[in-house]
Amino acid sequence: MSLSTTDTEPDERSAAAEPLTHGTLPASGPPLVLLGAIATGAVLWLLGWNPALSGIVAAVGYTAVVYVWSRAVEEARAARDRLITAVVSSAFLLAMLPLVSVLATVVSRGLARFDGEFFTHSMRGVVAEGGGVHHAIFGTLIITGLTTLISVPVGLLTAVYLVEYGRGRLARAITFFVDVMTGIPSIVAGLFAYALFVLFFGPGVRMGIAGAVALSVLMIPVVVRSAEEMLKLVPNELREASYALGVPKWRTILRIVLPTALAGIATGVTLAIARVIGETAPLLITVGITTSDNFNPFDGRMATLSVFSYYEYVSPGVPPEASLDRAWAAALVLILIVMALNLVARLISRLFAPKSA
Amino acid sequence: MPITTEPTGRQRTPQRLGDRVFSGASTGAGVLILAVLAGVAAFLLVEAWPAVTAPAEDMPGGEGVALYVWPLLFGTLLSALLALAIAAPLSVAIALFITQYAHRRVATTLGYVIDLLAAVPSIIFGLWGVSQLAPLTVDPTGWLAENLGFIPLFAGPASSTGRTMLTVALVLAIMILPINTAVVREAFRQTPRLHEEASWALGATRSEMIRMSVLPFGRSAIIGGSMLGLGRALGETMAVAMVLSTSGGVTFNLISNGNPSTIAANIALQFPESTGIKVNALIASGLVLFAVTLAVNMTARAVINRRREFSGAN
Amino acid sequence: MKRSTRSRILALSTAAVLSLSLAACGSSNESDDDNGGGGGGGESSLSGTLSGAGASSQDAAQQAWMAGFQEKNPDVTVNYDPIGSGGGREQFLAGGSDFGGTDAYLDEEEVAKATERCGELIEIPAYVSPIAVVFNLDGVEELNLKPGTIAQIFDQKITKWDDPAIAEDNPDVELPDTAISPVNRSDESGTTENFVEYLSATAGDDWPHEVSGDWPVSGGEAAQGTSGVVQAVTSGTGTIGYADASQAGDLGTVNVGVGEEFVGYSPEAAAKVVEVSERVEGRGEYDFAYDLARDTTEAGTYPIVLVSYAMACSTYEDEQTAELVQAYLGYMVSEDGQAAAAEAAGSAPLSDTLREQAEGAIEAISAG
């Protein structure tokens, strides 16, 4: 790449006037400034400032102090390095604020109903307080499982086709239309799946598999895209080395390309599952809601965590607090399920990834 | 490399068959996607057609389907582009921080937390946006309206509940951050060590190394990730429906309570009570959203393809 | 790295399947041993699944009815999908649901379709609920407002809380000069339609807009669903909105001008409107559709109500569905059922006359 850019940039001070060595900031300097900035932000917040504003003030303050200090002590390039480090870290910390706030809100609101009953009971026969999401947890797992069963093979094979086999018109068409597919609004996917199932089962059909089909429409392109990116990152030398040893193409793909990219693909698949597991709109239309257990995805309505949570929020009973607590707790369960999935994905990528530096 | 080809006797004979089966299966998967998409497109066109041909006065608003969809399209684009403008730089910063700056163990944990956030369902972001974020924006937007009111974006009057386009853009930005970041981070992590070490060897500082080797390598992933995020922001339904006060027409004013709705949110809000031609009008708006995403993706592809090298260190 | 990839895949998937199948047992409140735990169960001969869909306004009440009904009939599962009135009507007419819920009674075309599907259409105003006009104004808990004033506030003609029109009816209240910020539903809804219908019927001069489920005035604060409106009114200052009364919570509420007096919302006052209203003429024997007397001057009536109907057929194709619908609707209109809904959703119980008529209609459900 363009290593020459630094050379062509004009030096601000002439070499003669510049000493050969520069001072450096003490190693603990910038972290201490950062701590100070965070403390200032926290104090401002406690003084009743808007938390977002306090965060921004702390971030800008930290960046400015580090840059000015470094500029005073160190050379220009080092100062610029410090500046970029400060910008990156404070942008990172700023971005983490809302994300952490979301998590903290869900956890603190969700814990109110994290009791035994919540996990072992369904909503059958429950009015106002009590009840649980046992039925919805399994509904979500079953429907998401089916979605994954449909989407991962199709998506992965398509990605393999695009990267390894695809040439010419068909490949270009598929690449293009996969992109188009990422743009299907989730509610349209739901309407489509519903219309498809109405063709076979008549109006008013509600079943888990219809929801899985709707979610697959959303999930497949995400799998293709991320798998494609990851397969592309596999160095060509690996493939060529394999071919040179006389290994057929399909075995090269199965034994060399896929394992090399597996860690990335597993992350991609987990992300894709995460993308669809919390989908509400398509499941509202295709799967509906029930208060009772139904673990058969081919017959009738099933409860899912997202739809359950949505309905608890939009049509709460009297008093509304009981419903809202259930809504938050269901959302927390959803996040925990994804967390578990993430662990599995990590386990898979650790087990299967080739050992390399 | 630990991968070894196991010497099996059968290797030579099934070579062609295996290849044929494998390429057949992967081609089939690709074609299946085309078929599904054709199905969706056919569904959209068939259902949207009555709205296009219907007399203008039958449309909600009474002025035909184009004028019905236009404010929605405007709102969709405005919210999604704003969200992207906020999220794209931040996601690059987060990815850089995780891959280049943070201690390895810290980085793993952070990556993990961010992956988790990608899974937070949109209604949670909606609930959070309404109950936590919106109230926080009330005072700052009031200040903006008072002091920067001459800029059309902040014309005001500021909303007293904070359920504004600005809040929605922030919520959407936060929603797409994890997805953006995940894609960019994976790519940054794959930066060839040789490139990095070459930079170090030339005496580059960390920021120079990043500029010279990490960013160029990850550029297509940055665009790809942004497009994934933009796609999600354009199609986001529940969070927008819950947060946005949708009672205005086309306006750039980000901080008042009269905002244009977005296509996806409008479908979610109006669909349950709609019958007949109004359903067709909603699906027609869905078709427009579909077309917009198509255009966005075409642009992104064009940008990525311009620098399409088969990656690796060669 | 000796173990082959295949065996590792095998091990992982076995583990996954095992853990799923181990955990996939029923909810503890649904397992056979303690079914109908509340007592009173076990005598019912009914079994099967009954599916309904429709208005989300009566969802809370349906939850209560389902719970009560399933306790009496432990082998029955009732589902109600709150997909909205429009969707509910469409699905019911297409034969996609066994019964339906709708905030607006069926129009003639729809009645014709219903007759085609199921003989005589049964339509019962099973859920009557007051709509409260709620506001958030420091130090003010109740306000008296005439229909015309309410209409002008929501039409954004009256923009300050200390407007003379408001002050005139509230001599004892100290009104601040805060700006009024009206909040409306952003989704199309039966609540909006009923509220707008009320404004149009009682204050036609001040409310020049057409009646529909879509809010006609732009530029106000718009929020999704009853909970969204309540949330927006609560978090803003000087806000005013309309919402299902059961969700009004601690917000200030408006006493509505009826004739010469001002009436606060209550289930009884809401039920009274239905009593003084006329049944729509020229419809079937079992079709209890009402044109509500919004402009009534009868003392003690609260005219801003939402009436949500239950729809059913008088003839079903199979015996089991007919029996289930009959039993479930019977429970809905029974005193028990109405009391359960009143407790869970704050609705107004049906009057005795109406209940008797409705029971007659439900009696007629049969298979054929």
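Reply: The domain bounds used here come from an automatic or database domain assignment. This is a predicted model, in which local features need pLDDT of at least 70 and side-chain atom pairs count only at pLDDT 80 or more, while totals for chains, interfaces and linings use all residues. Residues are numbered from 1 along each chain as its sequence is written, and chains are lettered from A and ligands numbered from 1 in the order in which they are written.

For chain A, the assignment gives domain 1 (24-109) and domain 2 (134-352), and the centres of these two domains, taken over C-alpha atoms, are separated by 37 Å. Chain A has 14 helices and zero strands, where helices (H or I, at least four residues) and strands (E, at least two) are DSSP runs numbered from the N terminus. Its radius of gyration, taken over C-alpha atoms, is 27 Å, whereas a compact globule of 357 residues would have one near 21 Å, by the rule of 2.2 Å times the number of residues to the power 0.38. The C-alpha atoms of chain A fill a box of roughly 85 × 70 × 35 Å along the principal axes. Of its 357 residues, 56% are buried (20 or more other C-beta atoms, placed from the backbone, within 10 Å of the residue's own; exposed means 12 or fewer, and partly exposed lies in between).

Chain C is also divided, into domain 1 (3-129 + 272-292 + 306-367) and domain 2 (131-269). The contact between them takes 15 residues from domain 1 of chain C and 11 residues from domain 2 of chain C, two residues being in contact if their C-beta atoms, placed from the backbone, lie within 7 Å. On the domain 1 side, strand E13 (305-313) and helix H11 (335-345) of chain C each supply at least two residues, and that side divides into seven nonpolar, six polar and two charged residues (Ala, Val, Leu, Ile, Met, Phe, Trp, Tyr, Cys and Pro count as nonpolar, Asp, Glu, Lys and Arg as charged, and the others, Gly among them, as polar). Elsewhere in chain C, helix H8 (residues 225-235) is largely enclosed by the rest of the structure, because nine of its 11 residues are buried, among them Gly225(C), Val229(C) and Val233(C).

Chain C also meets chain B, with 22 residues of chain B in contact with 30 residues of chain C. Helix H4 (122-147), helix H8 (238-243) and helix H9 (263-270) of chain B each supply at least two residues of this side, which has eight nonpolar, 12 polar and two charged residues.

Chain B comes to 10 helices and zero strands, and its C-alpha trace spans about 75 × 50 × 35 Å along its principal axes.
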